[in-house]
Amino acid sequence: MKLNFQRALVTGGAGFIGSHLVEALIENKCDVVVLDNLSSGNPSNLLPFKDRITFKEGDIRDRDMLSKAACGCDAVFHLAAVVSVPQTVEEPVDSAMVNDIGTLFVLEAARTLNIKRVVLSSSCAVYGDDPELPKNESMNVKPLSPYGVQKLNGEHYARIYCDLYGVKTACLRYFNVFGPRQDPSSPYSGVISIFMTKSINAETPVIFGDGNQSRDFVFVKDVVRANLLAANNDRAAGLVFNVGTGRSMTINELWRLTSGLSGFHGEPTHLDSRPGDIYASLGDTRRAESDLGFKAEYDFEQGLALTFQWYKNTMTPEGHL
Ligand code: NAD
Ligand code: UD1
C-alpha cells in the first residue's frame, strides 16, 4: 500500500497488535518510532526488525518523552493502553490515567507538533450490552466497564481534536483481536491466547459464565490493514469505525475448535461471569467497508490455525513463550 506519510509513531508498539503494525509499516517503507513502557508489551515482539526502527522505552504519561518520540512524525498510531477489561474494573483510576489522560496527551502532542494524522485504537467495549446486534457505529453506546468508558472518552477527544484543531483523527473500534504474539501469561490475557496455551499444555481451561457469551474475533493482520487504510484516508477524519468480521463465536465453541486443533479435549471448569463482561458482541462492518475499503480477509478458522501453529512453534517444552 502506498502510504501518505513517511514517519510514524506507534505507542504500544512492543505489544501484540502494535508489533504487527510496526512490521507492516516497515514493509510499506515507513520510518517507525515505538514508544512503549513494556508494562504488557515485550521487546521480543520487535526482535526481527529491531534494527530498522527507533525504540524508546517510556511512558505516554511522560509528556517530554512523548514529545521527543513524536517529533518529526507525520502520523501517530495510538495503541498504548491498559487493555484488560477486568483490570480496569479493579483499577479504575490508575487505568484512567493511562487510557484517558494518556490518550489526551497523545492528541495534544499531535496538535502541538502539527501532526495531522492520528489513529486511535478504540474498542467495541464502548457498546455495552444493548441487545441489538450487530453493533453499528450509529447506535447508542453504554459501556459496562471503566475500560469501555475510557475508550469512549478517547473517541470524544479525538473528534473534538479534529473539529477544533484540524488533527485528522480516526478511531477504530476493534472487536476481539487474536493472532500470534498475544501474551497469554496473565489471567487478564485475551481468551484465545489462554486457550491456545492451555490446550497445548493439556490443561483444562476456565470458562467464566455459561460459555454462551459470544465474540466477533478478528485476526490481527486484518486489524493492521484497517489501521493503514484509516491513516491513509482523509475521509476517515473525525469518524469511528468498527473493525470486526461480522461473524461471532461463543466461548464454548472456541474451546471446541481449539481442542480440535490440539487434540486435547479437557472439560472446562465453569466459574462465575466476570463483572463488566459483555454477553454478546458482533460488529456491523459496513461503514469500514464503504468508507475505508476495509473487509476482514482472514476467516476465523484460518486465523485460528495460523495462531495455533505459532503458539505450538514458539512455546518452550516447559510451556512458556
Ligand atoms: P498489548 O497489551 O499487547 O499492547 C499494549 C501495549 O501498550 C503494550 O506493549 C504495553 O507495554 C504498552 N503500554 C501500556 N501502557 C503504556 C503506557 N502508559 N505508556 C507506554 N506504553 C504503554 O495489547 P493489544 O491487544 O496489542 O492492544 C493494543 C490496543 O488495542 C490497546 O489500545 C487496546 O485497548 C486495543 N484493543 C485491543 C483489543 C484486543 O482484542 N486485543 C480489542 C480492542 C481494542
Ligand atoms: C477484549 C480485549 C479488550 C478489547 C475487547 C473488545 C484483551 C485482554 N481484552 O476484551 O482490550 O477492547 O476484547 O471486545 O485482549 N474468558 C473465559 N476464560 C478465560 C478468559 C476469558 O471464559 O480464561 C471469557 C471472558 O469472560 C469473556 C470472553 O472470554 O467473556 C472474552 O474475554 P477476553 O479475551 O478477556 O476479551 P474481552 O473481555 O472481550
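Modeller: A residue is near a molecule if one of its heavy atoms lies within 4 Å of it. This is a predicted model, in which local features need pLDDT of at least 70, side-chain atom pairs count only at pLDDT 80 or more, and totals for chains, interfaces and linings use all residues. Residues are numbered from 1 along each chain as its sequence is written, ligands are numbered from 1 in the order in which they are written, and side-chain values use heavy atoms, with hydrogens and water left out.

Around ligand 2 there are 22 residues, of which Val83, Ser123, Tyr147, Asn176 and Asp277 come nearest. In the side chain of Ser123, an N or O atom is 2.6 Å from an oxygen atom of ligand 2. For Tyr147, the distance from a side-chain N or O atom to an oxygen atom of the ligand is 2.6 Å. Asp277 likewise has a polar side-chain atom 2.6 Å from an oxygen atom of ligand 2. On its own, ligand 2 has 730 Å² of accessible area, and the protein covers 91% of it (Shrake-Rupley method, 1.4 Å probe).

Two or more residues of the shell come from each of α6 (191-200) and β8 (206-208), and β8 gives the most, with three residues. Helices (H or I, at least four residues) and strands (E, at least two) are DSSP runs, numbered from the N terminus. At least three shell residues come from each of domain 1 (7-177 + 218-243) and domain 2 (179-215 + 247-282 + 298-314), with bounds from an automatic or database domain assignment.

Definitions and conventions. A polar contact is a pair of N or O atoms within 3.5 Å; within protein, one must be able to donate a hydrogen and the other to accept it, and residues adjacent in sequence count only if both atoms are side-chain atoms.
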